[in-house]
Amino acid sequence: MARLSVNGTGQDVPLEEDTPLLWALRDALGLTGTKFGCGIAACGACTVLVDGQTTRSCVTPLSAVAGKAIHTIEGAAARKPFAAVRAAWIAEQVAQCGYCQPGMVMAAIALLESNPAPTDADIDAAITNVCRCGTYPRIRTAIHLAAAALAKEAR
Amino acid sequence: MKSRLRRRLLIAAGLVGGAFVVGGYLFYRGRDRLRLPEGVGAPKGEAWLTGWLRIGADGAVTVIVPRQEMGQGISTALPMLVAEELDCDPASLAFEQAPVDSLYANATMIADGVPFRPDDHGWLARLARHSQYKFGELLGVQATGGSTGVRDGWEVMRRAGAAARAMLVAAAAERWGMASAECSTERGTVHAPGRSLGYGELVAQAARQPIPANPELKDPARYRVIGTSLARLDVPAKTEGKAQFGCDVRLPGMRFAAIAQCPVFGGSLKHADASKARALPGVQAVIELEATSTSAAAVAVVADGWWRAKRALDAIGIEWYAGAHGELDTAALREAFTQLLERGDARTYETLGDAPRELAAAKQLIEARYEVPYLAHATMEPINCTALVKDGRCDVWVGSQAPTLVQWLAAGPAGVGEVRVHTPFLGGGFGRRAEMDVVVQAAAIARRVPGTPVQLLWSREEDMQHDVYRPMALARLRCALDAEARIRAWHHRAVSQSCTGELTARLQPAAASDLMKDKTTAEGAFDLAYAMPHRLVEHVLAHQPVPVGFWRSVGHSYNAFFVECFLDEVAHAARRDPVEFRRAMLAGAPRHLRVLETAAKAAGWGEPLPPRTGRGIALAESFHSIVAQAAEVQVAADGGLRVMRVVCAIDCGRAVNPGIVTRQMESGIVYGLTAALHGEITLKGGRVEQSNFHDYEMVRMADCPKIETHIVQSGWEHLGGVGEPGTPPIAPAVANAVFAATGQRLRRLPLRLA
């Protein structure tokens, strides 16, 4: 049994403590927005925020996140950059098959929280997730768009 | 020549016979393409107006999309066709994936399979396409592939929109006691002098009107929806994580299954000691599955969560029999393919003049060998299928490119007479999701735990090692130049397995045969637009235990690499500029010429570049669209390749949604770039060596080039696909750029400098 804080709500998960967070979210809590892609932290489809840090939930055991604040795509609206990221993603028409996008959106939120004006090099370093539909150029533009919108809001 | 005529006559006789039987049957039976689907009701407050849309009392329009959305944007493009003729507000559009019904069959995809050049409009080609189309209608398979979505839907979905509009107008006229001709429509409303009613207010009455068979269609000059970059209907849900993919299906009491398949192709299960696994928490069943024509021998564990199922699976001591292919490796495969390339019996796909004679007499002969490896699809969503066997029926939830095949193939292993298919989004397809392996497995597992829905999910390792791979192919190209350094003769001879033949054999072993030509083996080689006086295009069929299947543009993906790189070599030998050399052979192909020139101009062809940087170009027609790409590649001191910029030009005829066309070009380029720079599946000991993204690398953000796309408008006469045509030109464009930068000719993918 593990006690988790997911999207601001306390949850008891009746699973072994070495179970990766991804499977607790998807199978025990029914939060299917976070995706399984590789199981070895190589693709980023399972990206969630743990205390604001991007975390690949497919290799993160429950024991490592007990007592920490977990945010998934379902609770992304609670993160400040989400509205701007969402709007930019739609303006750029980023998603194609869409499977990797929750992970991409979470990674973009974390990037903008820590770096309000990322350069192309910052984006290269922060967005290491895989997209087989090749939405990378649109994601790059959308992140710049979202950063600009957030900067305007702050003024 | 004589034997060629005889062969053509034999083909003709066969086709005429087939067309007679099929055509006669259809004439007798008829095919009403606007009818309602069978056994499907309408949600409360909505009504069907033809089998292609429903309208609600609130005026919301739900378009039934017969092709599966897997990223290509079809769930927006097809509703646009309906909206145009229906004259509704595009903001009122929603979509729903079609139920399985022959009404939604994709006959265009079947018709495209005939091995005739796209520009062949002779009687034989037309007859072959027509009878294949009729056969496709008869077969009734709903399938998504071959970049056919918009082309197949173009006629019927506009007609459906126009018919529905006519029914709404007739309902209004009836209510107002006037003639339909006195009414007009404007964005979801029917108007007459002094009065108007919304579609939602009229729909119940409209649904009682007869469906007009041949409603009048708009003049394209009046289009207001088609040709605009309408925002995709699926993007908001996909951005918010709300889109439901196959593996997101959750049902009451659902269990999860993990699977281990025999790692050696063609092997079988020797022994599985499941005693430890059964004792682990949450485990419900351990199931052994025998190999079938579509799926490998396997052991599956059913548990209350996927992780528990996987852990229990890993605790089973499984021993396999390797079978006949336990020694197979990539070196042996290359040796076998090389033998076939040298001496195998070839099939001829194109004969122009007498290329062998001209090549034998050539003063200047250029010859080269090319090679591409097997490739995995690596869809982002791992392969999965959910099944429930209950009360003699099997319900299947699966993101599939062929829901009709799911219905056909699940019944046997599920042991039921009735199958219902539910179709969530596909997290990537690329041809992989036309396969039925996971469906057969899930149905067999569900049969063993009746009443319990089970979601079978493959690990990434299972996906990588049990794919149906893009064929490995070897080619030898030869070319003779004339005194003016123009191409006199061209000979293309390639070896590969057959995707179409092997898929047919997997689905229906009794239908397995090498008699039929597989167009996909020679597409992109036998259908070139370049004028050459003598040309011979041959293919030698290989048989190997490594399964092959459709993969984003399949044959085009490697034939474009062979043809466009070799053409670059020939241009170099002829001391001509690669663009100029191609241009000289395209006088009779103005659309190709314009696409080539658009890409070259936008790329700044001929302008100077920084040191160690080269520019390469390639042109390829596929799926009735013409694409040229110019790539700029920087070569690092350590030999690393960095693609800086890609300029793409496409002529797809009518661009229904230019925004989607542009993004599909980007998508095809990145997909093809991963193959060009990284993709390689190798075998050792009868097994695939790669297993996950750490050893099967992908292009990512940091190495994705800047991409710029230009849509060349060629009017309303033509219509081509866009899901696949972006992929073929990128590998040759990059390889040619590497040559321009370094002088090294790379003839094998993935591209690696010596």
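A crossing of two helices is called right-handed if the near helix is turned clockwise from the far one by less than a right angle. That term is needed for the points on chain A below. The model is predicted.

1. **Helices α3 and α4 of chain A.** Helix α3 (residues 82-91) and helix α4 (residues 101-114) of chain A have axes that come within 10 Å. They cross at roughly 130°. The crossing of α3(A) past α4(A) is right-handed. On the α3(A) side, the contact uses A:Phe82, A:Val85 and A:Trp89. On the α4(A) side, A:Val105, A:Ala108, A:Ile109 and A:Leu112 take part. By class, this contact of α3(A) with α4(A) has seven nonpolar residues, no polar and no charged.

2. **Spacing along a helix.** An α-helix has 3.6 residues a turn, so residues three or four places apart point the same way. Keep this in mind when reading the contact lists. A:Val85 and A:Trp89 of α3(A) are in the contact with α4(A).

3. **Helices α3 and α6 of chain A.** The axes of α3(A) and α6(A) come within 8 Å and cross at roughly 135°. The two helices are therefore oblique to each other. Here too the crossing is right-handed. From α3(A), the contact takes A:Ala84, A:Val85, A:Ala87, A:Ala88, A:Trp89 and A:Ala91. From α6(A), it takes A:Ala142, A:Leu145, A:Ala146, A:Ala149 and A:Leu150. The contact of α3(A) with α6(A) counts 11 nonpolar residues, no polar and no charged.

4. **Where chain A meets chain B.** How many residues does each chain give to the contact? Chain A gives 44 residues and chain B gives 48. On the chain A side, the elements that give two or more residues are α1 (21-28), α3, α4, α5 (120-126) and α6 (136-154). The largest share comes from α6(A), with four residues. By class, the chain A side has 26 nonpolar, 12 polar and six charged residues.

5. **The five-stranded sheet of chain B.** Five strands of chain B form an open sheet. Their order is β13-β21-β20-β19-β14, with mixed pairing. β13 (346-352) and β14 (364-372) of chain B stand at the edges with a single partner strand each, so one side of each has no neighbour in the sheet. The twist averages 10° from one strand to the next.

6. **A parallel pair inside that sheet.** β20 (residues 487-496) and β21 (residues 534-541) of chain B pair in the parallel sense over eight bridges. B:His492 stands opposite B:Val537 in β21(B).

7. Which strands does α17 (residues 554-573) of chain B lie across? They are β14, β19 (473-481) and β20 of chain B. The helix runs at about 150° to β14(B). Helix α15 (residues 499-507) of chain B has as its buried residues B:Cys499, B:Gly501, B:Glu502, B:Leu503 and B:Arg506. Those buried residues pack against α16 (519-522) and α17 of chain B.

8. **A hairpin in chain B.** β6 (residues 189-192) and β7 (residues 195-198) of chain B pair in the antiparallel sense over four bridges. B:Val190 stands opposite B:Leu197 in β7(B). The two strands form a hairpin with two residues between them. In the turn, B:Gly194 has a positive phi of about 80°.

Methods
Residues are numbered from 1 along each chain as its sequence is written. Chains are lettered from A and ligands numbered from 1 in the order in which they are written. This is a predicted model: local features need pLDDT of at least 70, side-chain atom pairs count only at pLDDT 80 or more; totals for chains, interfaces and linings use all residues. Axes are lines fitted to C-alpha atoms, for helices over the stretch in contact, and angles run from 0 to 180 degrees between N-to-C directions. Two residues are in contact if their C-beta atoms, placed from the backbone, lie within 7 Å. Ala, Val, Leu, Ile, Met, Phe, Trp, Tyr, Cys and Pro count as nonpolar, Asp, Glu, Lys and Arg as charged, and the others, Gly among them, as polar. Angles under 35 degrees count as roughly parallel, over 145 as roughly antiparallel, 65 to 115 as roughly perpendicular and the rest as oblique. Two strands pair if DSSP finds at least two bridges between them. A residue is buried if 20 or more other C-beta atoms lie within 10 Å of its own, exposed if 12 or fewer, and partly exposed in between; C-beta atoms are placed from the backbone.
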